[in-house]
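Reader: I'd like to learn how to read a model like this one. Could you take me through it step by step?

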Amino acid sequence: AFVTSKQMLLDAQAGGYAVGAFNVENMEMVKAVIAAAEELQAPVMLQTTPSTVKYGTLATFAALVFAEAKKAKVPVALHLDHGSSFELAVQAIKEGYTSIMIDGSAVSFEENIELTKRVVAVASPNDIPVEAELGKVGGKEDDLEAEADINTDPLQAKEFVERTGINSLAIAIGTAHGFYAGTPVLDKERLSEIKKVVSVPLVLHGASGLSDEDVRDCVNRGICKVNFATELRAAYTDGIKHLFTDKPDTIDPKDLGKVGMENVKKLVMDRMIVCGCNSKI
Ligand code: 13P
Ligand code: ZN
Ligand code: NA
């Protein structure tokens, strides 16, 4: 079923688990993520960044996900990840996205609040939930280059949520987009502090490369949505690389898609179990 992310995140918050949110780049990844969710009876979010929608268009991804989601028994939401402008957020809602992130982490606290409030004002009458980010997740996601990582301040987070009326908050506690060069150092105490004062579901970005233990610990401390992107891209491409090693004469794109899908489905199932969202439907 094609739904918004609102109820699934509230259910995750009440149930003490996290919904997995998986970045997709093509039809095969859409099918693989939904197949994983169906097999595990898990609610799921599929998401696309601004560079992905530039590659495929919002309408194309909305049509793909809608067609696949309506065949599924589990709830499926389509989320704009790291929405980079008010205009793109509005466009995504118009094209059928059922969940929106507006990423104002690059501007000042007050400007972030203003931008986020404008998006909430459009999304909320349409019943579309909004995620925003406070602090700065490290690494390079899409075209947005984070400068220094700035961890989220708990009291600012509380004020931000109250003043914007958002449905979920992405926080920075030391995770980064992409794989990690060394061992990631997470400020889990800060997560627990934020959880104490913020009532909406909390979102963890940059989960590729995190250990199962770290993900589980963050979920136990109050994370309700975990974002995975780079790991899916790597799994998809690895499948294709191996196919070309074994069968260099392969020419049918369907053969490439099949091995890519298998790898992505396996990875997504593993990550869903770590998030604890399996067997929830
Ligand atoms: P990773 O690429 O590290 O999994 O980060 C995903 C993410 O935060 C997408 O918004
Ligand atoms: Zn992210
Ligand atoms: Na990461």
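Reader: Is D103 buried or exposed?

Author: First, some ground rules: this is a predicted model, where local features need pLDDT of at least 70, side-chain atom pairs count only at pLDDT 80 or more, and totals for chains, interfaces and linings use all residues. Residues are numbered from 1 along each chain as its sequence is written, while chains are lettered from A and ligands numbered from 1 in the order in which they are written. A residue is buried if 20 or more other C-beta atoms, placed from the backbone, lie within 10 Å of its own, exposed if 12 or fewer, and partly exposed in between. D103 is buried, because 28 other C-beta atoms lie within 10 Å.

Reader: Where is D103 found?

Author: Helices (H or I, at least four residues) and strands (E, at least two) are DSSP runs, numbered from the N terminus. D103 sits in the loop between β4 (99-102) and α6 (109-123).

Reader: Which residues does the UniProt annotation "binding site" cover?

Author: The unreviewed UniProt entry gives D103 and E133 that annotation. They span 31 residues in sequence, yet no two of their C-alpha atoms are more than 5.7 Å apart, so they gather at one spot. Do bear in mind that UniProt positions are in the numbering used here, feature names are shortened, and annotations may be inferred rather than shown by experiment.

Reader: And what does E133 touch?

Author: Contact means that two C-beta atoms, placed from the backbone, lie within 7 Å. Not counting residues up to four places away in sequence, E133 touches D103, G104, S105 and A170. E133 lies in strand β5 (residues 130-134) and is buried, with 25 other C-beta atoms within 10 Å.

Reader: Which residues come nearest to ligand 1?

Author: A residue counts as near if its C-beta atom, placed from the backbone, lies within 6 Å of the molecule. Of the 15 residues around ligand 1, the nearest are H205, S208, N227, A229 and T230. Two or more residues of that shell come from each of β3 (76-83), β10 and α10.

Reader: How many residues does the largest nonpolar core have?

Author: In soluble globular proteins, nonpolar side chains tend to be buried together. A nonpolar core is a set of buried Ala, Val, Leu, Ile, Met, Phe, Trp, Tyr and Cys residues joined through C-beta atoms within 7 Å. Here the largest one has 86 residues, and V33, I100 and L169 have the most contacts inside it. Leaving aside neighbours within four places in sequence, L169 is in contact with residues including A132, L134 and V200.
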